[in-house]
Amino acid sequence: MNALLFNSTLVIYAVVTAVYLIYLLKPKESLGKTGLWLALVGFLVHCGFTLNRFLEAGHTPITNLHESLSFFSLSVVGIFLLLERRYKISILGSFMMPLALLIMAISASFSTVIPPLNPALKSKWLAVHTIMAFLGYAAFAISFGVSIMYLIQSHFLKTRRLGSMFQKLPSLDILDDISYRCLTFGFPLLTFAIISGAIWAETAWGTYWSWDPKETWSLITWFIYAALLHGRLTTGWRGRKAAMLSIFGFVIMLFTFLGVNLLLPGLHSYK
C-alpha cells in the first residue's frame, strides 16, 4: 500500500507539473483550475501515504531521507494550496509544483524500508521537532520560488520587455508581500524547531548544544533569515536585495538539510 500511494502521488504531481508548465505557455483559466484541483488530489493522496506510513512504522515518518523528503514535498504543496486559495495566483504552481515533484523524485531514489527506530529518536519531541522544521523549510521554499518570480518580473520591468510572461506574473508588490508572509511564517517555526531540538538533545545526549554540524548550520540558517527579517522590519529592506537574500537563505537551508546530513559526520547523519 505504501508503494502504491507513493507512486500515485509521484504520478499525480508529474501530471500537475505538466499542466502548470503548459499554463505558463498558454495561461488559460481552465488549465489553472485543472492544475489546482489535481494538486489538491495529489496532496490528499500524499497525506494518505504519510498516514499509512505512520501506522506501519508506529512513529512520525520523518526519520530517514525517503520520509523526510516526502514530508518536505507534502509541506510545500500544502502551503502552496493555502497561498493559491488566498491570492488566486495560478502561475505560482508553475514554479512550486516542479520543485515539489523534484523533491519527491529524489525521495524515490532512497530506500523505502522502515528501519528500527534509533533509541535516541524514541521521544515525544520527534514529531514536534521534525514537523516544525519541515513546515518552516517549506515556507522558505515558497519564499524562494516567489523570489525567483520577483527577479524575473523585475528584469522584465528594467529591460521594458512587457510581453506575455510579464502579463502572467503578479506585480512586484504582491510577490514581495507573499515572500514576506512566508518568511514571517517560517522563521518562528525554524526557531521553535531549534529550541525543541535543543531540549530533545538534552534528554537524549545530556547536553542542550554540542556544536554538531547540523546544529551549527541550523544556527547559520537561522541567522540568515533573522537578518533578512530584521532588515525588512527595521529599515524597510524590500525588493531585489530581499529576494536575493531569500534565495541565498534557501540554498544554505538545503545544505543544512541535505548536505550536512549526507556529507558531514554527526548525530544527525542519515545512515
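Modeller: Let's start with a side chain that meets a backbone: the side chain of Asn-64 reaches the backbone nitrogen of His-66 at 3.2 Å. Bear in mind that this is a predicted model. Asn-64 sits in the loop between helix 2 (29–57) and helix 3 (65–87). Is Asn-64 buried or exposed? Its relative accessible area is 12%, and residues under 20% count as buried, so Asn-64 is buried.

Now let's step back to the whole chain. Of the 271 residues of the protein chain, 52% count as buried, and Asn-64 belongs to that group.

How do the overall dimensions look? The C-alpha trace spans about 60 × 50 × 30 Å along its principal axes. The radius of gyration is 19 Å, which agrees with the value near 18 Å that a compact globule of 271 residues would have. Contacts tell you about the fold too: among those in the protein chain with a separation of 6 or more, 78% are between residues 24 or more positions apart.

As for charge, the protein chain carries 20 positive and 10 negative charges, and their mean positions lie 10 Å apart.

Terms used. Residues numbered from 1 in each chain as written. Predicted model: local features only at pLDDT ≥ 70, side-chain atom pairs only at ≥ 80, totals over all residues. Heavy atoms only, no water. Rg over C-alpha atoms; globule rule 2.2 N^0.38 Å. Buried < 20%, exposed > 50% of the residue type's maximum accessible area, 1.4 Å probe, protein only. Contact = heavy atoms within 4.5 Å. Lys, Arg positive; Asp, Glu negative; His and termini not counted. Charge placed at Lys NZ, Arg CZ, Asp CG, Glu CD. Helix = DSSP H or I, 4+ residues; strand = E, 2+ residues; numbered from the N terminus. Polar contact = N/O pair within 3.5 Å; in protein donor to acceptor, adjacent residues only side chain to side chain.
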